Structure formats: structure tokens, C-alpha cells
Amino acid sequence: MGTTLLTSCGLQWRYHHQQIVPYIHLLSHSQDSFPSRAKITAESRKSGFLDGENEKSAGFLKRRSVLVSGVSLVSTSVLGSAGEGLAVVKQGLLAGRIPGLSEPDDQGWRTYRRPDDKSGGHGVGWSPIIPYLFSVPQGWEEVPVSIADLGGTEIDLRFGSSKEGRLFVIVAPVLRFADNLGENATIEQIGPPEIVINAFGPEVIGENVEGKVLSMNVEEHSGRRYYQYELEPPHALITATAAGNRLYLFNVTGNGLQWKRHYQDLKRIADSFRVV
């Protein structure tokens, strides 16, 4: 059973600490090799990522600088969450889309679990990604992740429903923004909720989050903490946690009409996210 640890609303606080590096600075692509804005926009529209509100961010992200960590991590196993002991994750080299949806339950909802055989996408030397899971109603399906995605290789998965909205999962190596978190990082080590949303929120929604955070919660499930945020337009429900040597960012969003009509389903999807 989850435990709610903290709730606050109407956050209008800005973080200026220099040790937390915003996520987009960590992209492994160089500026010269990054696709053009036109290509990014076209590909992203095709995958359902951009809408009229955040299309303008494509050109902005192209101009971001590159930060490459000089640290290489070699590991064949990762640690489980607190209280769960050691957990060895088997992972193959299969890339791309691998079915991971369960059969519908009695309410028509299906659970997606990241397949163990899906590759990590972060190159040789990175430990396997600890699987995550979430639930979606009927009509939600996996969407191909384009190589032109604004999030680069850290976009691990996309799902969408033309009727209700869309979601994506970012799985980023913690060494890209801190070199002292070890092989079993926690979200608390990365920072408190205010720091995390101000550092990484703009990279999720494509614009500054100052004055947009409507609510902020800290939940704990099976010994792992999850930071949960709700942002006003562009509407987004963001869940952040850490496991092994990865940061996980789960974003559920929709346009204004989808948000109004299907908010309860979108909130249920966001609340269902767990790292196994």
C-alpha cells in the first residue's frame, strides 16, 4: 500500500542551484549531428509528440549545449529498491517495440510491463534497465519512438490514444547529471521535489515550469519514493523516481479537450506508474 508523504499546491519557486544539470544538457547528440528543426517537427508530429502548444520547442532544443560525462560504468546487475534486496535484471539486445501489454482486466484496463529483453539504448557498458509498469484503458497503444525524438535515446517508450491523450517514459543514466550517486540511486539523492521539477520539468513539457505547478506529492510504494506533479497548460502529470543507476520520468498529457473529458483516466494512468 502506498503512503502519501507530502502534498503542496501552487508552487511558484525557481531553483538556481548549479549542481543539478537540466536533462536536455545531457543529450548525447552533438549540435552538428542533431537533426534539423523541420525534420524534428515532422517526425514528432508523426509520432504524436508535438501539438500546437509545444511545437515551438523543437528549434529551441536544437540549440542546447552538450554535456558528456567522462565516467563509464560497467555493470552486469543492478540493485533493487530499498527493502527488496538484490535484484538481477536479465536484458537482451532486442531494440524497438516489443509487446508488453497484459490482457484486459474486468474494467477493461491493461498493464504494460517493460519487457526484460528490450535493449536499454544507452550503449555498451550500461547496466540493464530495471523494468517499469503502468496501466492504460482500452484504446491506448504503443507508438514508435523516432530517432528524431527531442529526448534523444532517453525516450524509452511512447503510448497514445487519439481519444484520451498520450504518454512517454524517459529513462536517463544518473551519471549524466551526477557522478556520486552510485549504482542504487534514489530520487531523494537527486534532490527534493522542488529541485527535480525545476531542473527537469522544462525538458518534459518544453518550457519553463515556474508558476505552472498546481500540485506536488511524494508517494512511497514498496520502499521506493515517487515525486508526482500536476502542471497547468500545457497539461501534464509527471512522475519521477530513480532505481539502479537510472532516473525515470513518466509523463501523461493531453490537449485541453482531452484533459477536460478524460482527466480521471489520465490521473489513474499517472498514479499507476511503478518501477518493478
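Arg-225 counts as partly exposed, because its relative accessibility is 32%. Here buried means under 20% relative accessible area, exposed over 50%, and partly exposed in between, with a 1.4 Å probe and protein chains only. Arg-225 forms a salt bridge with Glu-188, and the closest N and O atoms are 3.9 Å apart. A salt bridge is a side-chain nitrogen of Lys or Arg within 4 Å of a carboxyl oxygen of Asp or Glu. This pair links distant parts of the chain: Arg-225 is in strand S10 and Glu-188 in helix H3 (residues 187-190), 37 residues apart. Glu-188 is partly exposed, with a relative accessible area of 38%.

This is a predicted model, in which local features need pLDDT of at least 70 and side-chain atom pairs count only at pLDDT 80 or more, while totals for chains, interfaces and linings use all residues. Residues are numbered from 1 along each chain as its sequence is written, and side-chain values use heavy atoms, with hydrogens and water left out.

**Confidence and overall make-up**

The mean pLDDT of the protein is 73, and 60% of its residues reach 70 or more. Over residues 7-93 the pLDDT is below 50, although this stretch has 181 contacts in the model beyond near neighbours in sequence. The pLDDT is the predictor's confidence in each residue, from 0 to 100, and a contact means heavy atoms within 4.5 Å. Where pLDDT is low, the predicted coordinates should not be read in detail.

The protein has five helices and 13 strands. Helices (H or I, at least four residues) and strands (E, at least two) are DSSP runs, numbered from the N terminus. Of the 276 residues, 53% count as buried. Among contacts with a separation of 6 or more, 65% are between residues 24 or more positions apart.

**Salt bridges**

The structure holds eight salt bridges. Three of them are listed here.

| Pair | N to O distance |
|---|---|
| Arg-110 and Glu-141 | 3.1 Å |
| Lys-118 and Asp-156 | 4.0 Å |
| Arg-225 and Glu-188 | 3.9 Å |

In the pair of Arg-110 and Glu-141, Arg-110 lies in strand S4 (residues 110-113) and Glu-141 in strand S6 (residues 141-142), so the bridge ties together parts that are 31 residues apart in sequence. Arg-110 is buried, with a relative accessible area of 12%, whereas Glu-141 is partly exposed at 42%.

The side chains of Lys-118 and Asp-156 also meet in a salt bridge. Lys-118 sits in the loop between S4 and strand S5 (132-136), and Asp-156 in strand S7 (residues 155-161), 38 residues away. Both Lys-118 and Asp-156 are buried.

**Strands and their pairing**

Strand S9 (residues 213-221) has seven of its nine residues buried, so it is largely enclosed by the rest of the structure. S9 runs antiparallel to strand S10 (residues 224-231), and eight bridges join them. Two strands pair if DSSP finds at least two bridges between them. Asn-217 has Gln-228 as its bridge partner in S10. S9 and S10 form a hairpin with two residues between them, and Ser-222 in the turn has a positive phi of about 55 degrees.

Elsewhere, three strands form an open sheet in the order S4-S5-S13, with antiparallel pairing. S4 and strand S13 (274-275) are the edge strands, each pairing on one side only. S5 and S13 pair over two bridges, and Leu-133 has Arg-274 as its bridge partner in S13.

**Nonpolar cores**

A nonpolar core is a set of buried Ala, Val, Leu, Ile, Met, Phe, Trp, Tyr and Cys residues joined through side-chain atoms within 4.5 Å. The largest one has 29 residues, and those with the most contacts inside it include Ile-190, Phe-200, Tyr-229 and Leu-247. Several elements each supply at least two residues of this core, among them H3, helix H4 (193-205), S9 and S10. H4 gives the most, with six residues. Leaving out residues up to four places away in sequence, Leu-247 touches, among others, Ile-170, Phe-177, Ile-190 and Phe-200. Apart from this core lies another, of 25 residues, including Tyr-226 and Phe-273.

**A buried glutamine**

Gln-258 is found in helix H5 (residues 256-271). Gln-258 counts as buried, because its relative accessibility is 9%. Leaving aside neighbours within four places in sequence, the contacts of Gln-258 include Ser-161, Lys-163, Glu-164 and Tyr-263.
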